[in-house]
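User: I'm new to this. Could you walk me through a structure?

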Amino acid sequence: MFSIEEVKKSFLVSIWFMFLTFPIMVIRVNTIYKIVEWRWERMFYIGIGTFVISFIWRYLMRRKEMGVKKKEVGEDALPLAQRLLQNRRVSYPAIALVAVLALIYPFVFSLYQANIMITALIYVVIALGLNIVVGLAGLLDLGYVAFYAVGAYAYALLNYHFGLSFWVVLPIGAAIGALFGIILGFPVLRLRGDYLAIVTLGFGEIIRLILENWNEFSFGPSGIANIPRPSFFGIDLSLAETTRFVYFIMIGLTIFTIFVVNRLENSRIGRAWIALREDEVACQAMGIDKTKTKLTAFALGATWAGMGGVVFAAQTTFINPASFTIWESVIILCCVVLGGMGSIIGVILGALVIKLLPEYLREFSQYRMLLFGAILVIMMVFRPGGIITSVRRTYQFKGKSNRHA
Amino acid sequence: MPDFGKQILAVNGLSMVFGGLRALDRIDLDVRQGEVVALIGPNGAGKTTFFNCITGLYAPTEGDMLISPPRKDKNIRLNGLKPNLVTEQGLARTFQNIRLFQNMTVLENVMIGRHCRMSAGIAGAIFRNRATRHEEQQVVEESYVILQKIGLAQYVNDFAKNLPYGAQRRLEIARAMATDPFILLLDEPAAGMNTRETEELDDLIEKIREMEGISILLIEHDMKLVMSISDRIFVVDYGKKIAEGTPEEIKSDPAVIKAYLGEESDA
Ligand SMILES: Nc1ncnc2c1ncn2[C@@H]1O[C@H](COP(=O)(O)OP(=O)(O)OP(=O)(O)O)[C@@H](O)[C@H]1O
Ligand SMILES: [Mg+2]
């Protein structure tokens, strides 16, 4: 199975890499002593490393091709973890366990940990929102963070000017998010794929630039400080208590989001979104109003970003435009893609992994982006469906064998 | 020739120009209630373009397209209607190059067809009130009945992409039927099918006409199927209508023979 051919290929790859990285990895000009250092041993490491990686890569590719062949024969392709989740005897205790962990989390762990978890949960909610747009309706939206910003600024400004409380602004934030979703939706109705991605990206940047430059409205780059935390029936809470409170607000909001998104997915509208993703022409020809379907996807996706933004502003008590860069959009998109487009559990896992891992891998923080990129590339090649591929609902009929899709 | 009802589709002087190419040149065509009408012609004659025009995917350069649904007592102009509204009026189509929703189940594909006959909105989806649950249940059942009729019930929970080719073609028909049409436009439904599958398709089309009372406009290259099933045939070549008539008339039409010479030996 490991022929001379393979070894030769890997060898060539490693030579090529040694050559490519030579200037940055081997040569160093020591400016203090004004000498050139030659670090040959590094070249050796790179050669070995590339050789091994290229070998593993080719091995995995071959396995993948064999996997595809197996599927063509008609093998059930659902991975083990997913089949386990479908089994009630496994899934119910798992849900119970997660529920208990979620309940005791802020009491067991430190305030710092609780705050990290709050941020992660905000990302779960907004990633589930983006999942409607990207995962279900198939509209690549790279400006999604704009709705998050809109929600955050809605709370900050409404509170600053009119003293509106968190609980009043939460639904308003959702509504404003939806409104902006529609405002973005209209001009991009005719666009698809890359064009859509570019225009939405522009939209996201426009919102950020407005927030940055319109000083009278948004206080510019210095942002807004002293945003009040959520109130608890007017009772004064300590900082720790408030954090726990926000944590439970986020748990509630997450459950609410999962509930709503799950219902939407298996409804008339949800099916229309998926049909739109699968084939826009056929979708219209089957009697689905493309305009309406796209706009509802944009609106209902942006709603969650709006709400997430309100909680974000309330949690950090300070916001400025720097929190809402294009980079943030990309991270949210990564949550959806990594987890599994269209799959609710997948997106939740994706968001948790992407927000939590970097927190616990602080030592590697300089390589974070590199790692991100590598993981995404590997995922795209070997599991284009994400960690959890989406499963469609099956229906049972009397006197029929129940086959699963 | 059996006696057919009123005219349900009337196309007058339909032209479609792409840049310098006249893909359709003043085509007239009509379909009457209960009829099976075939539209034939060599490759690139403009048949699919004709379908795209009446289903609202293309805006024709000139010409009129009128329907008079048997259930209603008025004429409706199709010009300028969006595709989904055309479908809502009762025209449904299939595609020459299969366009199923690949990552949805067979049943869901059919349920999408019923979309325009449903009414649940966002609130209905979230609160799942009694009316929505009832509608959903009903659509599931209706869709299953359609699958049984078309002979696809065994695949109900399979992904559309995993179906054998012939079954995918039939699923296209099932999906179109779900929109509750009075006329069904089939674009080369037998393409890529073997002899046995084509014969089954012949029976299926006959059944749809007889049992469901749906008229059919059919594009097809398989002359055996066309001759056996059609009541009337329209022949187009280079965007122009060159003949129209019963299968017998078409078989002996000199213009048709000329257009097809060397292309079809079994015509
Ligand atoms: N969107 C379009 N833009 C430009 N030209 C087009 C377009 N659609 C079709 N045509 C051209 O119109 C002509 C008719 O095409 P059409 O697909 O209608 O043929 P057809 O009769 O369906 O052929 P076939 O039997 O191969 O399916 C062809 O020359 C085609 O290239
Ligand atoms: Mg064609």
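Analyst: Helices (H or I, at least four residues) and strands (E, at least two) are DSSP runs, numbered from the N terminus. Here, H1(B) contributes the most to the shell around ligand 1: three residues. This is a predicted model, where local features need pLDDT of at least 70 and side-chain atom pairs count only at pLDDT 80 or more, while totals for chains, interfaces and linings use all residues. Residues are numbered from 1 along each chain as its sequence is written, chains are lettered from A and ligands numbered from 1 in the order in which they are written, and side-chain values use heavy atoms, leaving out hydrogens and water.

User: How many residues surround ligand 1?

Analyst: A residue counts as near if one of its heavy atoms lies within 4 Å of the molecule. For ligand 1 there are 14, and Lys47(B), Thr48(B), Thr49(B), Gln96(B) and His221(B) are the closest.

User: Which side chain has an N or O atom 2.5 Å from an oxygen atom of ligand 1?

Analyst: A polar contact is a pair of N or O atoms within 3.5 Å. That side chain belongs to Thr49(B). For the side chain of Gln96(B), an N or O atom is 2.7 Å from a ligand 1 oxygen. Gly44(B) uses a backbone N or O atom, 2.9 Å from an oxygen of ligand 1.

User: And at what angle do the axes of H11 and H13 of chain A cross?

Analyst: Axes are lines fitted to C-alpha atoms, for helices over the stretch in contact, with angles from 0 to 180 degrees between N-to-C directions. Helix H11 (residues 268-278) and helix H13 (residues 290-316) of chain A cross at roughly 105 degrees, their axes coming within 10 Å. Angles of 65 to 115 degrees count as roughly perpendicular, so that's how H11(A) and H13(A) lie to each other.

Technical notes: Parallel < 35°, antiparallel > 145°, perpendicular 65-115°, else oblique. Polar contact = N/O pair within 3.5 Å; in protein donor to acceptor, adjacent residues only side chain to side chain.
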